[in-house]
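User: Hi, could you walk me through this model? I'd like plain answers, one topic at a time.

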Amino acid sequence: MSLTELFPAIKMLPRADKLRLMQFLVIDLAQEEGVPLLSAEAEYPIWTPLNAFDAADTLLQMLKTHQAEP
Amino acid sequence: MTTPVRFAYADPAASRGAGNLLAYLPVTLSHETHVLAVVGLLDTGSTVNVLPYPLGLQLGLVWEQQTTRVHLTGSLARLPARGVIVSGQVASFPPVELAFAWTQATDVPMILGQVNFFMEFDVCFFRSQVAFEVTPKGQAH
């Protein structure tokens, strides 16, 4: 089946299916190119303790106490 | 004044290309009689230094003896952490005391963050040159 034959069928698709088709093509092309994509089902850890101010205060107090020791 | 030491960005996955390069700094950690050559990720967004569990064990730290609880954020929030202080040396600079949140996480890199790595060292990032420079605090040109 050629692309020219596909176009009318694609045009008839509902909006949601057109979006799914786009998503399918992007993922398919990315996989062919070996480009890693984020998956909606997967969990991606963020190791950086951002805004861990309590932890920072605790460590600073530890350092202060440690440095004050003879 | 002390001359900065320049380091190259490194690729932890070793092959993914320029977009995957990160600022990993070689550091020698020591605690009592234990000495460990490791690399730490320079993470300016991290509030604290983070020591992965296996590295703490290799430094001779005993979890049950660490009594200071530290509450981390992000993915590390789900695991307990303890505050520890070890000696850290970068290049041939004088060793400094580094305070770490020692986490029970095993699959995390050693993170060098604001408290207290960036309080002890001045770091200049030259990402376009794939390099960064480190100087002890107060000694940069």
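Analyst: In chain A, 11% of the 70 residues count as buried, where buried means 20 or more other C-beta atoms within 10 Å of a residue's own, exposed means 12 or fewer, partly exposed is in between, and C-beta atoms are placed from the backbone. This is a predicted model, so to speak of a local feature takes pLDDT of at least 70 and side-chain atom pairs count only at pLDDT 80 or more, while totals for chains, interfaces and linings use all residues. Residues are numbered from 1 along each chain as its sequence is written, with chains lettered from A and ligands numbered from 1 in the order in which they are written.

User: What is chain A made of, helices or strands?

Analyst: Chain A has three helices and zero strands, giving the pattern α-α-α along the sequence. Helices (H or I, at least four residues) and strands (E, at least two) are DSSP runs, numbered from the N terminus.

User: Is chain A compact or spread out?

Analyst: Chain A is more spread out than a compact globule, because its radius of gyration is 26 Å, well over the 11 Å that the globule rule gives for 70 residues. That radius is taken over C-alpha atoms, and the rule is 2.2 Å times the number of residues to the power 0.38. The C-alpha trace of chain A spans about 85 × 25 × 15 Å along its principal axes.

User: What about helix α2 of chain A, how many of its residues are buried?

Analyst: The number is zero out of 19, so α2(A) lies largely in the open. Just after α2(A) comes A:Gly34, with a positive phi of about 75°.

User: OK, over to chain B. How many helices and strands are there?

Analyst: Chain B has two helices and ten strands, and the order along the sequence is β-β-β-β-α-β-β-β-β-α-β-β.

User: Which strands form the open sheet in chain B?

Analyst: The order is β1-β10-β9, with antiparallel pairing; two strands pair if DSSP finds at least two bridges between them. The edge strands, each pairing on one side only, are β1 (5-8) and β9 (121-126) of chain B.

User: How many bridges join β10(B) to β9(B)?

Analyst: Six bridges join them, and B:Asp122 has B:Thr135 as its bridge partner in β10(B). Their hairpin has four residues between the strands, and there B:Val130 takes a positive phi near 55°. Towards β1(B), four bridges join that strand to β10, residues 131-136, with B:Ala131 as the partner of B:Ala8.

User: Last one: how many residues does each chain put into the contact?

Analyst: Chain A gives 18 residues and chain B gives 25, where contact means C-beta atoms, placed from the backbone, within 7 Å. The side of chain A that touches chain B has 13 nonpolar, four polar and one charged residues. Here Ala, Val, Leu, Ile, Met, Phe, Trp, Tyr, Cys and Pro count as nonpolar, Asp, Glu, Lys and Arg as charged, and the others, Gly among them, as polar.

Conventions:
Contact = placed C-beta atoms within 7 Å.
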